[in-house]
Amino acid sequence: MRRKVTKAIFPVAGLGTRFLPATKSVPKEIMTLVDRPLVQYAIDEARAAGIKEFIFVTSRGKSALEDYFDHSPVLEQELRKKGKTDLLALLKDTNMESGAIAYIRQHKALGLGHAVWCARRLIGDEPFAVMLPDDVIAAETPCLQQMVEAYAETGGNMVAAMEVPPEKASAYGVLDVQEDMGSIVSVKGMVEKPAPGTAPSNLAVIGRYILGPSVLNNLNKIKGGVNGEIQLTDAIAADIGTENTVYGYRFRGQRFDCGSKAGFLQATVAFALARDDLRDDLSRYLQDIVHLSKAAE
């Protein structure tokens, strides 16, 4: 019987330079998408997938992120006094019990692979998930939950994958597919940020992974890849051809790249339109903008 995936690594050490000046004092991961921080969407998705231990790889200046998951007795007491039970329920989802969450510092910006490697001692010999909060996925069944269910059948290593336009493939890690079985593909190669026109497919890896401890051993041996960084893609690819098969998983849902301003704005509109309390007002506003634009033409 395969071991359950109960640990997840959240690499959140980046500086968020694409969102300056906001990220000068506010970690990008707690910037709000509608009324919830980006990282809350990732945490909710992880919980739905059965994750029990949450490992954050952080850096200097991320103390606000750590405070977000702490209890706030004064605020809770004030809400309780005023009978605002609905807001108290919202706060409950932001709290982490003692021992459920850990923080590790990444002192040098050496890439995603290095960030995952920093958490190796807390992972041990167990399978684990990696979640990038920048990738927000709207799905009826949360993406990581879909992957955990598929992983129970396949084992090995699994990466979330989606099809991208060929001209954009150079911005991603790209899968070289051995066999396409529908939602699951077996992988014979992986290329990190291939040069334009050289990608082996248009099936790109996005920020959800289920990995075995062998990947951590592979990271020990990697010196540096593209841009001098230690690439997680290289460590996963090193398992191809071993008993630790690599699979791509075509998830059901819509992915938003909230690491970019355009993606963040698109996600804000999409998530707001999905809410009963915001949909009507926002829809009218968007329609007004379209009418004004047409009139100006």
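This is a predicted model: local features need pLDDT of at least 70, side-chain atom pairs count only at pLDDT 80 or more; totals for chains, interfaces and linings use all residues.
Q: Let's start inside. Which residues touch the most other members of the largest nonpolar core?

A: Those are F10, F54 and F56, in a core of 39 residues. The elements that each supply at least two residues are β1 (7-11), α1 (38-48), β4 (53-58), β6 (128-131), α7 (143-154), β8 (157-163), β11 (203-211) and β12 (246-250).

Q: And which of them gives the most?

A: α7, with five residues.

Q: What does F54 touch?

A: Leaving out residues up to four places away in sequence, F54 touches A8, F10, I43, A46, R47, M96, A100, I101 and A102. There's also another core apart from this one, with 31 residues, including V57, V116, C118 and A161.

Q: You mentioned F10 touching F54. How are the rings of F10 and F54 arranged?

A: They form a stacked aromatic pair, 6.2 Å centre to centre with 25° between the planes. F10 sits in strand β1 and F54 in strand β4, so the pair ties together parts that are 44 residues apart in sequence.

Q: Are those two buried or exposed?

A: F10 counts as buried because its relative accessibility is 0%. F54 is buried too, with a relative accessible area of 3%.

Q: How many aromatic pairs are there?

A: The count comes to eight aromatic pairs. Ring pairs also link F10, F54, F56, Y68, F69 and Y103 into a cluster.

Q: OK, switching to pockets. What's the volume of the largest pocket?

A: About 1,300 Å³. Its lining has 42 residues, and R18, L112, L132, D134 and K193 lie nearest the centre.

Q: Which elements give two or more residues to that lining?

A: α5 (112-118), β11, α9 (232-237) and β13 (254-257). The largest share comes from β11, which gives four residues.

Q: What classes line the second largest pocket?

A: By class it's 11 nonpolar and five charged residues, with no polar ones.

Q: Which other residue has a positive phi without being glycine?

A: V34 is one of them, with phi near 65°. V34 is in the loop between β2 and β3 (36-37), and it counts as partly exposed because its relative accessibility is 26%.

Q: What about peptide bonds? Which residues does a cis one join?

A: L20 and P21 are joined by a cis peptide bond, with omega about 10°. P21 is in the loop between β1 and β2 (32-33). In general, most peptide bonds are trans.

Q: Now the helices. Which residues of helix α8 are buried?

A: In α8 (residues 214-221), the buried ones are S214, V215, L216, N218 and L219. The buried residues of α8 pack against α5, α6, β6, β8, β11 and α9.

Q: Let's look at α6, then. What does I123 touch?

A: I123 lies in helix α6 (residues 120-123). Not counting residues up to four places away in sequence, I123 touches K7, I9, I55, F128 and L216.

Q: Is I123 buried or exposed?

A: I123 is buried, since its relative accessible area is 1%.

Note on methods. Residues are numbered from 1 along each chain as its sequence is written. Side-chain values use heavy atoms; hydrogens and water are left out. A nonpolar core is a set of buried Ala, Val, Leu, Ile, Met, Phe, Trp, Tyr and Cys residues joined through side-chain atoms within 4.5 Å. Buried means under 20% relative accessible area, exposed over 50%, partly exposed in between (1.4 Å probe, protein chains only). Contact means heavy atoms within 4.5 Å. On a 1 Å grid over the protein atoms alone, a cavity is a set of points where a 1.4 Å probe fits but cannot get out, and a pocket is an open set with protein on both sides within 12 Å along at least five of seven lines; lining residues have an atom within 4 Å of a point. Grid points are joined across faces, edges and corners, and a volume is the space filled by probe spheres set on the points. Ala, Val, Leu, Ile, Met, Phe, Trp, Tyr, Cys and Pro count as nonpolar, Asp, Glu, Lys and Arg as charged, and the others, Gly among them, as polar. Rings of Phe, Tyr and Trp (its six-membered ring) pair if their centres lie within 6.5 Å; planes under 30 degrees apart count as stacked, over 60 as edge-to-face and the rest as tilted.
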